[in-house]
Amino acid sequence: MVLPQFEYIAASSLEEACKLLLEHDGKAKVMAGATDLIPPMRDKVFTAEYVIDLKKIPGLDELSYDEKEGLKIGALTTLRTLEHSPLVKEKNPAVAYAAKVIASTQIRAKGTLVGNICNASPSNDSAPNLLAQGAKVNVQGVDGTRVIPIEEFFLGVRRTALKPGEIVTSVVIPPLAEDEKAAYMKFAVRKAMDLAIIGVAAKIKMKDGVCTDARVALGAVAVTPILAPAAAAELIGKKLTDEVIDKAAEAAMNSCSPISDIRASKEYRKEMVRVFTKRAVKQCLEQY
Amino acid sequence: MHKDCAKTYFKKPEFYRLTGENNYVRIDAEDKVTGHGQYVGDIMFPDMLTGRMVRAPFAPARILSIDTSEAEKLPGVKCILTPKDFEWKHKVGNGEFAAEFADKEVLCTEIVRQVGDDICAVAAIDEETAQRAVDLIKVEYEKLPGVYDPFEAMEEGAPEVNWEGKGLHNIGMQSHMCAGTDIDEEFNNASYIQHRDYSTHRMVHAAMEPHGAVATYRNGTYNIWMSTQMAYVDQFWYAKCLGVPENHVRVIKPLVGGGFGGKLDSYSFGLCAAKMAELTQRPVRMILTREEVFQTTRNRHPIYMHIDTAFAENGKMLAKKCYHVLDGGPYGGSGVAACAQATLWANFPYKLNSVDFLARRVYTNNPAAGAMRGYTACQVHFAHDLNMQYAADQMGIDPVEFRKISAADPGYVAPAGLHITSCAYKETLDTAAKEIGWYERKDKMKDGEGIGFAGTGFVSGTGFAVLEAPNQSSACVQVRLNKRGMCTLYIGSHDIGQGSDTVMTAIVAEELGLPMDMVKTFMSDTFLTPWDSGSYGSRVTFLAGNAARRAAVDAKRQLFETIAPIWGVMPETLECLEGKVISKEKAELQMPIGDAMFKYMTIHGGDELVGVGSYYHRTDNSQYNGENTTNYAPAYSFSTGAAHLTVDKETGVLDIDEFVFAHDCGRALNRRAVEGQLEGSIGMGLGYAVYEHNITKEGKILNPNFRDYRFPTALDMPKMRTFYDFTPDEEGPLGAKEAGEGSAAPVAPAIANAVNMATGVYFTSLPLDPEHIWRAMNGMEDDRHSK
């Protein structure tokens, strides 16, 4: 396949990038790692007359942790960086793990977490953790900045809440308290280089053997990654026995209606949501 | 040379050095490791054009019109071929004896039979321009009713795919192997009979290098650098389709990045590159995209197999009937022999009193199937080995013992005419059983744990030469020695990545007692090197290796006949060892080979020394035409695979703890290459068993990329151990038999048998992907990919 012609612009500041994006609204695409941009353009999945590269903009590759704010991941921070960062592994191992299970080493060396969510594929591996942990998305537009809660970020397949001229500058994941644990489970056929058949992220808070808060998020079972509040509700206020976890897993299964495609059927996806919700909650528990 | 003539001068095993010590490296290793090796895609000419094909978006269809006017106007477009450029010439096929049945047009003149069928070709100054020209060519089609199921295709009234009303409806090839005692009587006298059905799916080769060609036209000659397994067969079909004699077509095989059977057909893109090079007087390069490789080259036949088997009370297999239906897609080509082979494998690796095997290759509008590593052995052995396992379980006999009861022995002659020479099948069974820990583990298996075995047999050097050849000779080799004792080796055999150039060089160096770097090898060029029919049928090491040995020995004999009289000894008492000609009887008689050659040339008026060798296995075309009772090959290889695994019963995911592979390849000439082949076979077999599946809808492949066509990665590979030190074959070159193709066959059935044990479900179809296993364990039908 041949890459169609487009104009490549390396923006030197966020303001310039936002202005260009607004000016060429509908005809321009933002590029960070390009791993979800160039292949679909080559395959004619979508077209762009302008590609606005962010890589020359200073400061977008931030990766920091603040006791109050949490883990801040810049738009240019690569998945490979997240996978290997001692900071991420210590403060939020589920995020490091989710980065590690994406595609291949080569792709992770270029691709970014922010790009992964902006591509808004239902099966993206970054979103379930962000949903389960209530992340915030920092956005820059021509008229200033705003924060979008991750729960409001995804609108559909390849559709996000970003308005014309807006660019995601970073994602912030709140800190995990001592009594909070999180996990992500990806289910795919291959151990690498594969898209998730389903993904499940869980975050739980335990006090005196009782679950006081929980969130469960699911990937690849709807047009966007979703939260499964019914599953969380089964966990909150209870001792997490096998029976309780099974009921939550059942609730997660019943709260999604995936499609059948060449990768898996809807009934298999549903059943795997049940199995991996159970395993994700148990993996959280094992960390105490 | 007749195969027995040279044996007097064959080196005896005690003088083997290179292949004995087995510590030499591939002759192309440095080039490949440093990236200097030249594949088709690396060949550059300053004024080279890029070619692209116009392909049918759906099929079947009738072409109503082709409008190239817009594309012609595009600056940079240098040539556009339409069906008119080829319509007066020949269609493309495979075997010369069946040239009149060739069934693939270079460019479709009227009827499009498969998605991606070749319609037009474009050459332009660069790839972008060529692709834009392709997009500008307007082809008007009328959709026609298609047929995508071979059983429906055989019904009267089904759409005719590529069939001109001869024989049975839509059947392109039929093969019936029927021999031995009265089969009805065997079934009547049997104490246990079973009737079972199996099926397999479509898989592709997924060679790292996509198919490609670079062509020039100079001095009335087409020069075509081709990523091919059969340069000489390409030369034959290209000459026919271009309408010129063969002396105007030079096909050169550069390095090839994997074939696995996918590069046996003479594809239209190469022909179009050659034709456009002629018309533009500029070199033309045509490299297929991965999607084109998936959709428009070849794939492994899906086969539906019904098997009836009769056993005696002690578990001895008495007789077998089977009916194999192969989904061939719309074209024959390298796929036609699949039909006969699908009956051949049903013999192996067991003794039978009576066989009645019928195979039909049916035309459908699915993507054309062809040869792929094992050439239907993977499908047939999957079904027939699961059939053995099922019988063992039903009769309550240990599966290893059960296989040994009927296992073939050295010297066995099968009812259908197969002469087995060396055969270590029983030893491979014992080795695999011992190494996988069968006897310690079998009574202590946990829930979800399974061990599976599978035993298979394969040809070592098919006799079929594809093109007509004297005595069906399919491998010719020449060896030239100069005044310094340096050897130049000319081989026609095709190294497609498996390392055959290295083994040919090693065989010649071994016979001549030379270090590897004193043998300079030239290969696979139809104007430069001698005739060789190609890399297929596990023939290269055995047939071309024997030809190379004979050429070296022919040179050696001539040298000895010149030197021996000087020393006053008999020529057959001399040997070449460690760079010298020596007397095996008198230690004081020895001379560096350079001095010996200088002497030879002095005595022979300055003539350099040339040795020639060839090899053939005498069969006839009866295997493809008629009786099908013949001895296919000069030797046969045997394998046992053993898998130990656990099944995650919640997800259907397999965790393969270990795969043990025991392969009877005679004597290994290059141990690292053999291990590479066996481990590669496990990888490809695992892909076939679990991961790889071409999902099609109305003939269109829905996953033509490596994202959705999921072959196993390095992380998915199990722990592997390989065993291959069994009896040397008397006829094999330095004792060798094949080690790269038959070895692919036992992997899927061994895994399937282990899954069966682990789950208690008798699976009868592939692939065993997690959802397939999960569905079966939950009693759900697997209708995910029904047509």
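Mentor: Let us begin with polar contacts between two domains. In this predicted model, the interface of domain 1 of chain A and domain 2 of chain A holds one residue pair in polar contact, with both residues at pLDDT 80 or more.

Trainee: How many salt bridges does the rule find across the interface of domain 1 of chain A and domain 2 of chain A?

Mentor: The rule finds zero salt bridges there. As for secondary structure, helix H1 (residues 14-23) of chain A gives the largest share of the side of domain 1 that touches domain 2 of chain A, namely seven residues. By class, that side of domain 1 of chain A is made up of nine nonpolar, two polar and four charged residues.

Trainee: Where do the bounds of the domains of chain A lie?

Mentor: The domain assignment gives chain A a domain 1 (7-53), a domain 2 (63-173) and a domain 3 (180-286). The centres of domain 1 and domain 2 of chain A, taken over C-alpha atoms, are 19 Å apart. In the contact, 15 residues of domain 1 of chain A meet 17 residues of domain 2 of chain A.

Trainee: How is the size of an interface often given?

Mentor: It is often given as the accessible area that is lost when the parts come together. For domain 1 and domain 2 of chain A, the buried area is about 1200 Å², with 72% of it on carbon and sulfur atoms. Within domain 1 of chain A, the residues that lose the most area to domain 2 are A:Leu14, A:Cys18 and A:Asp36, together 33% of what that side buries.

Trainee: May we turn to a single residue? Is A:Ile226 buried or exposed?

Mentor: A:Ile226 counts as buried because its relative accessible area is 19%, and the cut-off for buried is under 20%. This residue is found in strand S14 (residues 226-227) of chain A.

Trainee: Which residues does A:Ile226 touch, not counting residues up to four places away in sequence?

Mentor: With those neighbours left out, A:Ile226 touches A:Leu131, A:Val216, A:Ala217, A:Leu218, A:Val221, A:Ser255 and A:Cys256. A:Ile226 and A:Glu151 are 75 residues apart along the chain, and their C-alpha atoms are separated by 8.0 Å.

Trainee: Let us pass to the two chains. How many residues does the contact take from chain A and from chain B?

Mentor: Chain A supplies 23 residues to the contact and chain B supplies 30 residues. Between them, chain A and chain B bury an area of about 2400 Å², of which 55% comes from carbon and sulfur atoms. On the side of chain A, A:Val2, A:Arg190 and A:Ile262 supply 29% of the area buried against chain B, more than any other three residues.

Trainee: What does the rule find across the interface of chain A and chain B in salt bridges?

Mentor: The rule finds seven salt bridges across that interface. One of the pairs is B:Arg710 with A:Asp194, whose closest N and O atoms are 4.0 Å apart. There are also 11 residue pairs in polar contact between chain A and chain B, counted with both residues at pLDDT 80 or more. Helix H11 (residues 266-286) of chain A gives the most to the side of chain A that touches chain B, with eight residues. That side of chain A has 13 nonpolar, one polar and nine charged residues.

Trainee: Into which domains is chain B divided?

Mentor: Chain B has domain 1 (5-16 + 474-615), domain 2 (41-144 + 210-256 + 263-296) and domain 3 (370-463 + 629-777). Domain 1 and domain 3 of chain B have centres 37 Å apart, taken over C-alpha atoms. Their contact joins 20 residues of domain 1 of chain B to 21 residues of domain 3 of chain B.

Trainee: What area do domain 1 of chain B and domain 3 of chain B bury between them?

Mentor: They bury about 1500 Å², with 62% on carbon and sulfur atoms. In domain 1 of chain B, B:Tyr16, B:Ser538 and B:Phe542 supply 38% of the area buried against domain 3, more than any other three residues. The count of salt bridges between these two domains of chain B is one. B:Glu731 forms a salt bridge with B:Lys7, and their closest N and O atoms are 3.2 Å apart.

Definitions and conventions:
Residues are numbered from 1 along each chain as its sequence is written. Chains are lettered from A and ligands numbered from 1 in the order in which they are written. This is a predicted model: local features need pLDDT of at least 70, side-chain atom pairs count only at pLDDT 80 or more; totals for chains, interfaces and linings use all residues. Side-chain values use heavy atoms; hydrogens and water are left out. Contact means heavy atoms within 4.5 Å. Buried area is the accessible area (1.4 Å probe) that two parts lose on being put together, summed over both. A salt bridge is a side-chain nitrogen of Lys or Arg within 4 Å of a carboxyl oxygen of Asp or Glu. A polar contact is a pair of N or O atoms within 3.5 Å; within protein, one must be able to donate a hydrogen and the other to accept it, and residues adjacent in sequence count only if both atoms are side-chain atoms. Helices (H or I, at least four residues) and strands (E, at least two) are DSSP runs, numbered from the N terminus. Ala, Val, Leu, Ile, Met, Phe, Trp, Tyr, Cys and Pro count as nonpolar, Asp, Glu, Lys and Arg as charged, and the others, Gly among them, as polar. Domain bounds come from an automatic or database domain assignment. Buried means under 20% relative accessible area, exposed over 50%, partly exposed in between (1.4 Å probe, protein chains only).
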